[in-house]
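Me: I am new to this structure. Please present it, and then let us go through it by question and answer.

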Amino acid sequence: MMAKSILVTGGAGYIGSHTCVSLRNAGYEVVIVDNLCNSDASVIDRVEAITGKRPVFLQFDMCERDELRKVFQRHSFAAVIHLAGLKAVNESVSQPLKYYRNNIEASTMLLETMDEFGVRNLVFSSSANVYGVPDSLPVQEHFPRYATNPYGRTKLIIEDLLTDLHSADSRWRIALLRYFNPVGAHESGRIGENPSGEPGNLMPYISRVALGKLPYLHVYGGDYPTEDGTGVRDFIHVMDLAEGHVSALQWLEMSPGIAAFNLGSGEGHSVLEMIAAYEDVCGRKIPYRIVARRPGDIPASFADPSLAQRELGWKASRSLHCMCVDEWRWQTVHSAQNA
Ligand code: NAD
Ligand code: WQD
């Protein structure tokens, strides 16, 4: 039997590259479209080194309709996993148009092209950001959705657009995956997250401090109504998340319709717990200073992932310790290579 081919937009990025590895492990053929605006081409070599097979890679912007059409003319896709998008919350506040154009226009272009070529199976990267400030925890999929920043609004709009699309044409099968806080790296140490400039997210910042590239971590807020006063999040190993995409593809094959799924571990861990777990693994102190809360941050967020377990047969299995071990391996291998 011929292997099914999957188009992965944004497949050179952090979550996309790990997803490509999981897809290959599950026997799928992978075609990546990425404009490399937040990634680099060496990721393709690394995915090949891990999986033993080179994914097809096409570098262009998702807003280029002609290029997109050529890909669909050349390949027969069973489904699309759409991860391409910009994701920096702060940047979206200062440059909203960039986010609306890149995230929404690219998605519309993709959907029109998929429709034209009769490919109507889609897995979309949404975010826990769509829950705004949740009223209670754990967060369930039916909770109210609202945006607190333009980035989150692009995710809300695309979720609504996909719901409208499905209402108009029930041939579409769509999984909206709401990721919580992905961290860590592939166990090989070959791929992981490496943001350019000063990292905005917790795990990459801790890593830079552990490597001695930044002097200390700012802990944003020590007076939250949480056990130790610092923010609580649902950290999920990026390989668990990647495997969730394979489960979502299998669900699409069985289930007509559209549904949203929380992809989280179901556990909340505080910033101080994350620091302690990382220190255990790297064997170094992570100096930190507790400073004012970061504007826009919520005190705590963690998922109820039971719907994904029931419907997709997927459950996160890797511990906080494992997230830190794999992150530290990636950081030490990667920074040694770039020394
Ligand atoms: P990433 O920046 O590492 O990956 C996104 C990839 O998309 C990059 O390789 C980038 O070059 C590419 N890209 C962006 N715009 C493009 C365009 N117009 N045309 C072609 N390629 C384009 O980010 P990530 O963390 O891997 O996130 C992937 C998806 O998951 C995004 O949609 C993001 O919003 C969503 N998400 C991420 C997180 C997170 O914390 N990392 C959480 C929830 C949701
Ligand atoms: C986690 C905790 C911070 C950095 C963001 C997006 C969200 C999603 C994931 C895309 C918070 C604290 C952080 C630091 C700190 N992305 N922190 N010092 O804010 O939960 O979510 O990324 O969809 O949409 O909003 O993740 O890693 O930035 O923060 O104390 O230097 O760590 O205050 O409590 P966040 P994060």
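Reply: Histidine 18 touches Ala185, His186, Ile191, Gly192, Val238, Met239 and Ala242, leaving aside residues up to four places away in sequence; contact means heavy atoms within 4.5 Å. This is a predicted model, in which local features need pLDDT of at least 70 and side-chain atom pairs count only at pLDDT 80 or more, while totals for chains, interfaces and linings use all residues. Residues are numbered from 1 along each chain as its sequence is written, chains are lettered from A and ligands numbered from 1 in the order written, and side-chain values use heavy atoms, without hydrogens and water.

Me: Is histidine 18 buried or exposed?

Reply: Histidine 18 is placed in helix H1 (residues 14-25). Helices (H or I, at least four residues) and strands (E, at least two) are DSSP runs numbered from the N terminus. Buried means under 20% relative accessible area, exposed over 50%, and partly exposed in between (1.4 Å probe, protein chains only). Because its relative accessibility is 0%, histidine 18 counts as buried.

Me: Which strands stand at the edges of the sheet?

Reply: The open sheet has seven strands with parallel pairing, in the order E3-E2-E1-E4-E5-E6-E11; two strands pair if DSSP finds at least two bridges between them. Each edge strand has a single partner, so one side is left without a neighbour in the sheet; the edge strands are E3 (56-58) and E11 (257-263).

Me: Which residue in E3 stands opposite isoleucine 32?

Reply: Strand E2 (residues 29-33) pairs with E3 in the parallel sense over three bridges. Opposite isoleucine 32, the residue in E3 is phenylalanine 57.
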